[in-house]
Amino acid sequence: MIQIDIIKPLHTSDGTIDLIVNKEIQNGDFLTLFGKSGSGKTTLLRILAGLETPKSGKIIVDDVVWFDSEKKINLPPQKREVGLVFQDYALFPNMSVRKNLEFALKDKKDTNKVDEILEIMEIENLSQMKPEHLSGGQKQRVAVARSLMSSPKMLLLDEPLSALDSAMRLKLQDELHSIHQRFNITSILVSHDISEVFRLSNRVFKISLGQITDDGNPSEVFANQNISGKFKVVGEVLSIVKSDILYIVEVLAHNEIIKVTAVKSDIEALNIGDKILLSSKAFNPILTKI
Amino acid sequence: MDESFIQTMLLTFKLAGVTTVILLCIGIPLGYFLSQTKSKLKPIAETIVSMPLVLPPSVLGFYLLLAFSPKNGFGAWLDEIFSLRLVFSFEGLVVASVIFSLPFMVHPIQSGFSSLNKSLSEASYVLGKSKLRTIYSVLLPNMKPSILTGIVITFAHTVGEFGVVLMIGGNKAGETKVASIAIYDEVEALNYSLANQYAFSLFAISFAILLFVYALNKSMVRSKFQ
């Protein structure tokens, strides 16, 4: 379990605000930090990795104190044993893919581990290539592979998919999901993509100006924005859940999530991630004062 | 070819070589420190490193001469404890050259460190590697052109220095008489053909060294983007 209770001043374009986090994260959770840029998502990730130091507070992970401002404890990044995937991937340009992975090994002789991870991430054929010759999606895979080399307890992902096109993003979202399942590794993802949040995480912190404004599973956190009276919208299928004899399909359209009931024949051809047209022949306009 | 010519040229390159090796050992830690530090003293450290760029060599040579003189405190101390006399000796020339060429080594290395993306070293720390290991395995290999520039410019600059050498080294054949001094010496003696021999040699060597660096840097950059 990760217990965080910290305050860290953030210098943003709107002046200095305080990032205040007081939360507990369960082992095995896939948590997304969701919010606009400058809200403090990446800073929180960097604080967990030990790359930034909070002004005050405590971070305790599985009863080990990582940070305690009163006792002047601050575990350096080297000792925290986390995996971190940077937004720019930060692959070492002077090393081949294989050498990048070997560098991350705790025990140099453990080359079987390199082969194993190369195989899991399906990047064996890239092992001798230098990072500059890789595509964005390949770099992302190598960066995730490298962060798994030391069998970390926690995987921190800083918008790892934001630079990729949507098809590649869907594929890599699936891969991140399966890695999370396979290693049962507590994962924390920074994202501002609602569909990514739904596909990957079981918990979301919505962060705004340094404060966590919402905390819950994706449906709860985004539930209050899903009322839409539009007659016809184009959207993306986020999830299909069976509910008694009906199915509930969650559709993302223009950053809003719409829940639609459907019958079995409706959803037969539908897959998560599909683009769909949502329309209603006879609809009840809902009036809400704003 | 004249024996004293060869002796002088060899001495010139020995001085430049030794100076470059010493400066490389100083320049990497100093350049790293300057690129990382957020200390308020950083401008002062940078100024001291850069002083030789603007100071007339004769000024530097004059003060070094005073400092190293066995008649004064520091020089006397060196003489007594290490029996090291830095005026009019090869060792003295090396010390003076190291000080005089410091910015030519430190600046390219410092800017090499600064130009590397911060996430490279952070990634290495998160992977559990120490600062030293990170510098050695991650940072230095990714800034080879900067290191090469530092080495070559320092070497070439030391070959070409005149004022400091004249002030502190004097003109002892085989000990402190380097090529740039020899040219001045031969011209004063109206021995133009020998002066030309020195001058042309320095010209040709400097050209060759710089050409080599630019060609190599170009091919390094090209291989990076292919």
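Two residues are taken to be in contact if their C-beta atoms, placed from the backbone, lie within 7 Å.

## Model and confidence

This is a predicted model, in which local features need pLDDT of at least 70 and side-chain atom pairs count only at pLDDT 80 or more, while totals for chains, interfaces and linings use all residues. Residues are numbered from 1 along each chain as its sequence is written, and chains are lettered from A and ligands numbered from 1 in the order in which they are written.

For the complex, the predictor gives an ipTM of 0.81 and a pTM of 0.80. The average pLDDT (the predictor's confidence in each residue, from 0 to 100) of chain B is 89, and 97% of its residues score at least 70.

## Residue I207 of chain A

I207(A) belongs to strand β10 (residues 203-208) of chain A; helices (H or I, at least four residues) and strands (E, at least two) are DSSP runs, numbered from the N terminus. I207(A) is buried, because 23 other C-beta atoms lie within 10 Å. On this scale a residue is buried if 20 or more other C-beta atoms, placed from the backbone, lie within 10 Å of its own, exposed if 12 or fewer, and partly exposed in between.

Leaving aside neighbours within four places in sequence, the contacts of I207(A) are L33(A), F34(A), G35(A), S39(A), G40(A), K41(A) and I212(A). Q173(A), 34 residues apart from I207(A) in sequence, is 22 Å apart from I207(A) in space, C-alpha to C-alpha.

## Loop residues with positive phi

Most residues other than glycine have a negative phi. K72(A) has a positive phi, near 55°, and lies in the loop between β5 (64-68) and β6 (73-74) of chain A. K72(A) is exposed, with 7 other C-beta atoms within 10 Å.

In S151(A), phi is likewise positive, near 45°. S151(A) is placed in the loop between α5 (136-148) and β8 (154-158) of chain A, and counts as exposed with 12 C-beta neighbours inside 10 Å.

## Helix packing in chain B

Helix α5 (residues 90-115) and helix α8 (residues 144-160) of chain B have axes that come within 8 Å and cross at roughly 160°. The two are therefore roughly antiparallel. Axes are lines fitted to C-alpha atoms, for helices over the stretch in contact, with angles from 0 to 180 degrees between N-to-C directions; angles under 35 degrees count as roughly parallel, over 145 as roughly antiparallel, 65 to 115 as roughly perpendicular and the rest as oblique. The residues of α5(B) that meet α8(B) include F104(B), M105(B) and I109(B), and those on the α8(B) side include I147(B), I153(B) and H157(B). By class, this contact has six nonpolar, 10 polar and no charged residues; Ala, Val, Leu, Ile, Met, Phe, Trp, Tyr, Cys and Pro count as nonpolar, Asp, Glu, Lys and Arg as charged, and the others, Gly among them, as polar.

The axes of helix α1 (residues 3-36) of chain B and α8(B) come within 9 Å and cross at roughly 140°, so α1(B) is oblique to α8(B). Among the α1(B) residues in this contact are L15(B), T19(B) and L23(B), while α8(B) supplies residues including I151(B), F155(B) and V159(B). The contact of α1(B) with α8(B) comprises seven nonpolar, seven polar and no charged residues.

## Interface between chains A and B

Contacts between the chains involve 17 residues of chain A and 16 residues of chain B. On the side of chain A that touches chain B, α2 (77-80) and β7 (82-85) each supply at least two residues. That side of chain A has 11 nonpolar, three polar and three charged residues.
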